[in-house]
Amino acid sequence: MAVISEYDVVVIGGGPAGMMAAGRAAELGAKVALIEKNKGLGKKLLITGGGRCNVANAEFDTRALLERFKTGGKFLASPFSTWSAKESIDFFNARGMPTKITAEKRVFPESDRARSVWNVLVAYLKEGGVDVIAGMPVKRLHTKGSTIVGVELRGGRIIEAKRFVLATGGLSHPETGSTGDGYPWLRELGHTVNEAGGALVPVAVQGERTKRAAGVAVSNAKITLYQNDAKQASRTGKILFTHVGLSGPAILNMSREMGELLKYGEVIIEIDLLPDLGYEKVNAALLDALKVHANKMVRNALSSLIPPALVPLALEEAGISEETPCNSIKREERTALMKTLKHLRFEAKELLGLDKAVITAGGVALTEVDFKTMRSLKCENLYLVGDLLDIDRPSGGYSLQLCWTTGFVAGTSAATS
């Protein structure tokens, strides 16, 4: 006979949104269970931002913050008025995790360790007496009419509750457990689940030219996409060269546009390594560098302009031997090098898979959620949070902010409704 446990609130999914929802509901006095199929909580959280965890974005103008979520912003006005960026940062600061603000208002733990964020959330759960049921996948939802009455775990155990929060995430980084478990359940409940795929994804390029510069970051580069010789999109920000192509915030934030363009043909990625300098200033900087290093080889002269590891790539593109003496560089060679620094081009091959995606594009149709409470409009005692929602957002702390906000609002609503 199945063992039955009863709670006020059951949260399915122990990622950031689920942990926030469970902690908040327990803080308000509800008896809460948090079910996680992995053996431990927050597996994806611990690898976020390369292990540093971009915990939020310090954009305290809520209207400006909402604009970053594109069409989803109009749905988020209510929850973000309740719990926005400042509340998130204050939450972690008040619980002993100091933060720092870096470029583009990105907020990180002062420790630069995702484990610091994880520690705060786990302590929050313990304070509220949340029962964590880990290493136990949900087999099915038990429903009665338009309500959920319980969840059945592997092995037959049934967990009953008055209200349920679904925080199973999307499809990105499936090795962490994000395998889209919630999508079929939601469809069975009558929800529209828009096609899910990777978003904020690195790009592979044709050939192996980036391989020699793998690991090199350029903090301020301008990226322009071309198709059929026509400019399609442009963005300035940080980029990272990888063994197979390009990554970094500026590339990730253009990945959706790249994916769409690749459906129609060849896509050229043009990188301006010195976007703050026009042709004349780049030419002058090259003249100065070549003069200062007149008796050295040209490969030793460019590190003041671009990262040293990019110098061989730039020289190869310009058709200049690395061993050419600076004092023998011809005018046409200098012009070619100048153009290379302003127009370094790669042909996009493909976006990398879901295992490399930062977030999932797609999810539950937003018109089927009451965003004042995060309650499903198809199932009266179900709340939906985080990456389950079909909300586009850029890199820069916005994904976790969505988790904190929707998790807090859902936890509050589930505990008090």
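Visitor: How many Å apart are the end C-alpha atoms of helix α11 (residues 331-342)?
Guide: This is a predicted model, in which local features need pLDDT of at least 70 and side-chain atom pairs count only at pLDDT 80 or more, while totals for chains, interfaces and linings use all residues. Residues are numbered from 1 along each chain as its sequence is written, and side-chain values use heavy atoms, with hydrogens and water left out. Helices (H or I, at least four residues) and strands (E, at least two) are DSSP runs, numbered from the N terminus, and the expected span of a helix is 1.5 Å times one less than its number of residues. For the 12 residues of α11 this rule gives 16 Å, which agrees with the distance between the end C-alpha atoms, 17 Å.

Visitor: Which elements are included in what covers the buried residues of α11?
Guide: Buried means under 20% relative accessible area, exposed over 50% and partly exposed in between (1.4 Å probe, protein chains only). In α11 the buried residues are Arg 334, Leu 337, Met 338, Thr 340, Leu 341 and Lys 342. Their cover includes β15 (268-272), α9 (279-292), α10 (311-318) and β16 (344-351).

Visitor: Why is β15 largely enclosed by the rest of the structure?
Guide: Ile 268, Glu 270 and Asp 272 point one way from β15, and Ile 269 and Ile 271 point the other way. In a regular strand the side chains alternate between the two faces of the sheet. β15 is largely enclosed because the number of its five residues that are buried is five.

Visitor: With which residues is Leu 313 in contact, leaving aside its neighbours within four places in sequence?
Guide: Leu 313 belongs to helix α10 and is buried, with a relative accessible area of 1%. With contact meaning heavy atoms within 4.5 Å, the partners of Leu 313 are Arg 209, Arg 212, Phe 241, Leu 344 and Phe 346.

Visitor: Within what arc do the buried residues of helix α4 (residues 85-94) fall?
Guide: The buried residues of α4 are Ala 85, Ser 88, Ile 89, Phe 91 and Phe 92. The arc is that of the directions from the helix axis to the C-beta atoms. Seen down the axis, these residues line one face of α4, because they fall within an arc of 155°.

Visitor: Which strands stand at the edges of the open sheet of three strands?
Guide: The order in this sheet is β3-β5-β4, with antiparallel pairing. β4 and β5 (residues 106-109) pair over three bridges, and Lys 100 stands opposite Phe 108. Each edge strand has a single partner, so one side of each is left without a neighbour in the sheet; the edge strands are β3 (56-57) and β4 (99-101).

Visitor: How many disulfides does the structure hold?
Guide: A disulfide is a pair of cysteine sulfur atoms within 2.5 Å. For Cys 53, which is buried with a relative accessible area of 0%, the nearest cysteine sulfur is that of Cys 403, 10 Å away. The number of disulfides in the structure is zero.

Terms used:
Two strands pair if DSSP finds at least two bridges between them.
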